[in-house]
Amino acid sequence: MFEINRNFSNSPEQMEFALRVSTILKNKYSQKPRALVITYGCQQNVSDSERLKGMLSLMGYDFTETPDEADLILYNTCAVRGHAEDRVYGNVGAMKHYKRRNPDMILAVCGCMAQQDIVVKRFRTSYPYVNLVFGTQVQHRLPEFIYRCLSGERVYETTLDNGEIIEDVPLRRDGTLKGWLPVMYGCNNFCTYCIVPYVRGRERSRKPEEIINEAKEMVSSGFKEITLLGQNVNSYGKGLDKQINFAELLREINAIDGDFRIRFMTSHPKDCTLELLDAIKDCEKVVKHLHLPFQSGSDRILKAMNRHYDSASYLKLIDAARERMPDIAITSDIIVGFPGETYEDFSKTVELVKKVKFTSLFTFIFSPRNGTPAADMEDPVSREEKGRWFSELLKVQETITANNLKVMVGKQYRVLCDGQSEREGYLLGHTDGNVSVEFEGDLSLVGKLCQVRIDSYSNVLTGTLV
């Protein structure tokens with residue numbers, strides 16, 4: 001685990017609470033109490049958990065992976081799909097038994113799910129053993145919340161504040177090879193199916209100097225892959241004093257000395273510019289991989305989703321990317337069964353998938369979110385029918401993926417070696433396009449960028465070090 005203890009230089013009040021908590025814990029426990037942080041959802045949530053763990057470490061907590069050993073359990077939750085919320089309720093419910101055995105345990109729930117009033121009300125009434133519920137924009141106040149819990153309070157805090165980004169929060173990264181680097185928070189798009197703007201707030205960009213300094217810190221600490229995060233990274237720069245956009249930020253990070261590569265997610269097609277595509281092409285450290293969610297191939301459905309582009313403009317972007325970078329890997333997200341979608345609409349999605357030939361897809365059956373416009377739209381198609389459409393789409397993409405992988409045989413790719421493969425004597429790595437490759441090699445190669453020639457493809461690509 002890689003830690004940066006910045007000691008809340010921008011929030012002395014929280015530093016004071018952290019010191020108070022540390023004193024209480026030293027008096028209460030004969031050895032360091034242990035915390036278990038459980039994360040659901042996207043990479044942004046993973047990054048948030050790294051900061052939450054940094055604050056817990058600063059307060060004096062050690063960490064565990066098992067509830068039996070925990071003196072504090074924190075669920076960092078996701079609200080994008082109903083299944084994720086159901087899992088949280090079930091798992092928090094199971095914690096009741098651990099709480100009985102250890103009444104002093106602090107049980108906390110935070111993140112996107114905890115930002116919703118209906119969720120907070122349910123925790124208040126049905127889960128009285130939960131000590132702390134707090135939302136996405138007050139995470140930096142964790143030391144204050146823990147102090148109040150240790151003082152006997154049940155704490156509920158879901159304020160959407162003025163959107164100020166608190167820098168210099170302590171950080172405890174989960175790895176030393178691949179790392180997450182948030183560049184902005186929130187979203188202004190209000191897609192009709194999406195809860196994110198309501199639980200993450202409006203778009204706020206971090207100052208470029210803060211991002212550059214953190215990137216340099218990561219490179220000097222040995223990170224080989226940095227993923228820039230934002231609900232819509234393409235709109236980075238809005239509201240900053242310095243005039244800078246995401247393409248320019250990419251070029252600045254690319255200029256940092258060191259042998260590493262840069263990824264980013266997620267991009268919105270309406271804000272994906274030719275300037276950005278040029279930056280990806282020009283920057284040797286930026287992977288030639290574009291994750292560009294299109295969600296539906298039907299213009300009628302895209303309009304109902306409030307996506308602000310159509311299928312023709314999306315395909316034009318794909319053509320522009322491939323004109324600049326013929327071998328670029330393109331991945332996307334698709335929602336199947338949006339309210340009012342017909343099979344004809346769905347067929348247009350399949351047609352677009354066949355045209356683009358994506359490297360891979362993240363596909364989901366529509367899940368209504370309370371508080372979004374789509375949740376109140378008429379939805380006559382059954383879940384079973386949507387499931388059949390979903391299976392049809394998966395089969396189409398499986399064939400495309402297999403063909404894409406076969407085309408890679410005989411070519412050379414830069415591969416970041418992640419570690420040992422399950423296959424004896426082989427290492428496992430990923431190309432710039434995030435495609436898995438197995439190859440023979442010594443464990444000393446783990447964490448290094450290697451040149452690999454692809455020799456064969458069955459279920460995975462197999463290659464040889466060049």
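## Close-up views of a predicted model

**View 1. The second largest pocket and its lining.** Lining the second largest pocket are 23 residues, with Asp327, Ile328, Ala329, Met408 and Tyr413 nearest its centre. Helix H13 (383–408) and strand S17 (412–420) are the elements that give two or more residues to this lining, and H13 gives the most, with five. The pocket holds about 620 Å³ of space. By class, its lining has nine nonpolar, seven polar and seven charged residues. (A pocket is an open set of points on a 1 Å grid over the protein atoms alone, where a 1.4 Å probe fits, with protein on both sides within 12 Å along at least five of seven lines; lining residues have an atom within 4 Å of a point. Volume is the space filled by probe spheres set on the points, which are joined across faces, edges and corners. Helices, H or I with at least four residues, and strands, E with at least two, are DSSP runs numbered from the N terminus. Ala, Val, Leu, Ile, Met, Phe, Trp, Tyr, Cys and Pro count as nonpolar, Asp, Glu, Lys and Arg as charged, and the others, including Gly, as polar.)

This is a predicted model, in which local features need pLDDT of at least 70 and side-chain atom pairs count only at pLDDT 80 or more, while totals for chains, interfaces and linings use all residues. Residues are numbered from 1 along each chain as its sequence is written, and side-chain values use heavy atoms, leaving out hydrogens and water.

**View 2. Helix H2 against helix H5.** Here the axes of H2 (residues 43–59) and H5 (residues 142–150) come within 10 Å and cross at roughly 55° (axes are lines fitted to C-alpha atoms over the stretch in contact, with angles from 0 to 180 degrees between N-to-C directions). The two helices are therefore oblique to each other (angles under 35 degrees count as roughly parallel, over 145 as roughly antiparallel, 65 to 115 as roughly perpendicular and the rest as oblique). Look for Leu52, Met55, Leu56 and Met59 of H2 meeting Leu142, Pro143 and Ile146 of H5 (contact means heavy atoms within 4.5 Å). This contact has seven nonpolar, no polar and no charged residues.

**View 3. Helix H8 beside helix H9.** The axes of H8 (residues 246–254) and H9 (residues 274–282) cross at roughly 15° and come within 8 Å, which makes H8 roughly parallel to H9.

**View 4. Two backbone details.** Met265 and Thr266 are joined by a cis peptide bond, with omega about 0°. Thr266 sits in the loop between strand S13 (261–265) and H9.
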